[in-house]
Every structure is written in C-alpha cells, then in structure tokens.
Amino acid sequence: MKNYLVVYMSHHGTTRKIAKQLQAKIGIENVAIVDLERENIENINNYKTILIGGSIYMGSLQKKIKQFCENNKEILLNKRIGFFVCFMNKQNGMVEFEGAFPQDLRNKAIAKGLFGGELILKELNFFERLIVRYVSGVKEDISDLDQKAIDEFIETVKEKQINELPTQVI
C-alpha cells in the first residue's frame with residue numbers, strides 16, 4: 001500500500017508536471033497520483049497522506065477538485081492533507097489559494113504550496129493564444145515556477161511524516 005496520494009487536475013500540463021515531481025521526490029514507491037480529469041480514485045481511505053492540487057485558471061480552481069474536497073471532507077479531516085496550486089497572477093495568489101479550498105480543510109493542512117505557474121503557448125488552443133496575446137501581449141513561453149516553494153512543500157510533507165512516527169522506547 002502506498003502512503004501518499006496526489007490528487008490533481010491540470011489545464012495545460014504544469015500541475016501534472018508538479019504532481020510527477022512530488023511523486024519522484026517523495027518516493028515513487030510510496031506515492032500514487034490521480035488526475036481527476038482522466039481517472040477515478042478507488043478508495044482514499046487507503047492513504048495516510050493526501051496532497052491535492054490544481055491550477056488557478058481565470059481566477060478559479062477546477063470544479064472537480066473543489067467537488068472532490070467537498071465530497072470527501074469528513075475523510076480528509078481525518079487524514080494528513082496538503083494543498084497546492086499553480087497560478088500566474090502573483091498579486092492574487094494567496095487570495096485565489098484561499099478561495100480554492102474549504103477553510104476547515106486549509107486549517108487542517110500540514111502543507112500549503114503556492115507554486116507559481118507557466119504559460120506554454122503550444123499548450124493553449126487557438127482562442128486561448130489569441131486572448132493571451134491580445135490581453136497581455138505575451139508572444140513567447142513564460143515559466144515562473146517557484147522551485148523553492150515546491151521543495152519546501154515536499155520537505156514539510158516529509159518532515160511531518162517523520163515527526164508523526166511513534167517514538168521507540170528503550
């Protein structure tokens with residue numbers, strides 16, 4: 001049985017990249033990842049730690065991530081949980097993060113990650129590229145991921161796991 005579950009959705013691939021990075025750095029043998037857009041979760045009770053993430057797109061987190069949190073709130077409140085978001089609007093990052101996940105779950109979280117984002121033009125459809133160019137004037141890819149925040153999130157999750165292990169009596 002794997003100890004960690006990473007549940008995510010990704011509009012254009014950045015959150016998927018982060019989910020795979022979490023899996024690799026925590027330990028591929030200990031982490032299952034599920035993209036709610038493509039897969040179902042068999043039983044979240046099988047995991048000790050559940051990390052939930054998505055991307056803020058036009059000011060909002062994906063609906064399926066929000067529904068997952070609401071539908072599983074009672075279970076999540078009794079698990080080790082962490083939340084992360086990918087986003088491009090740094091000025092509103094914290095506000096968008098707080099609006100993305102229910103407050104009672106955020107308060108229980110052992111780790112919270114605001115990872116920045118990427119704008120990879122080839123991942124956008126024609127209309128999205130058109131809007132991005134018109135509104136922001138962006139004509140080339142932008143990567144503004146905060147690797148330090150990602151590493152700190154991973155270390156916090158791993159550290160909390162170690163600190164929660166029972167102490168051995170000699």
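Me: Which residue of strand 5 stands opposite F83?

Reply: K112 stands opposite F83. Strands here are DSSP runs of E, at least two residues, and helices are runs of H or I, at least four residues, numbered from the N terminus. This is a predicted model: local features need pLDDT of at least 70, side-chain atom pairs need 80 or more, and totals for chains, interfaces and linings use all residues. Residues are numbered from 1 along each chain as its sequence is written, and side-chain values use heavy atoms, without hydrogens or water.

Me: How many bridges join strand 4 to strand 5?

Reply: 4 bridges join them, and the two strands run parallel. Two strands pair if DSSP finds at least two bridges between them.

Me: What's the strand order in the open sheet?

Reply: The order is 2-1-3-4-5. The sheet has 5 strands, with parallel pairing. Strand 2 (31–35) and strand 5 (111–114) are at the edges, each with a single partner strand, so one side of each has no neighbour in the sheet. From one strand to the next, the twist averages 15°.

Me: New topic. Which residues of helix 2 are buried?

Reply: I65, F68 and C69 are the buried ones in helix 2 (residues 63–71). Buried means under 20% relative accessible area, exposed over 50%, and partly exposed in between (1.4 Å probe, protein chains only). Down the axis of helix 2, the buried residues fall within an arc of 95°, so they line one face. The arc uses directions from the helix axis to the C-beta atoms.

Me: And which residues are exposed on the other side?

Reply: K63 and N71 are exposed there.

Me: What covers the buried residues of helix 2?

Reply: The cover includes strand 1 (4–8), strand 3 (49–55), helix 3 (73–76), strand 4 (80–86) and helix 5 (103–108). Contact means heavy atoms within 4.5 Å.

Me: Which strands does helix 2 lie across?

Reply: Helix 2 lies across strand 1, strand 3 and strand 4, at about 150° to strand 3. Axes are lines fitted to C-alpha atoms, for helices over the stretch in contact, and angles run from 0 to 180 degrees between N-to-C directions.

Me: How many aromatic pairs are there?

Reply: The whole structure has 5. F84 and F115 have ring centres 5.5 Å apart and planes at 25°, so this pair is stacked. Rings of Phe, Tyr and Trp (its six-membered ring) pair if centres lie within 6.5 Å; planes under 30 degrees apart are stacked, over 60 edge-to-face, the rest tilted.

Me: Is F84 buried or exposed?

Reply: F84 is buried, at 0% relative accessible area. The rings of F84 and F153 have centres 5.9 Å apart and planes at 70°, so that pair is edge-to-face.
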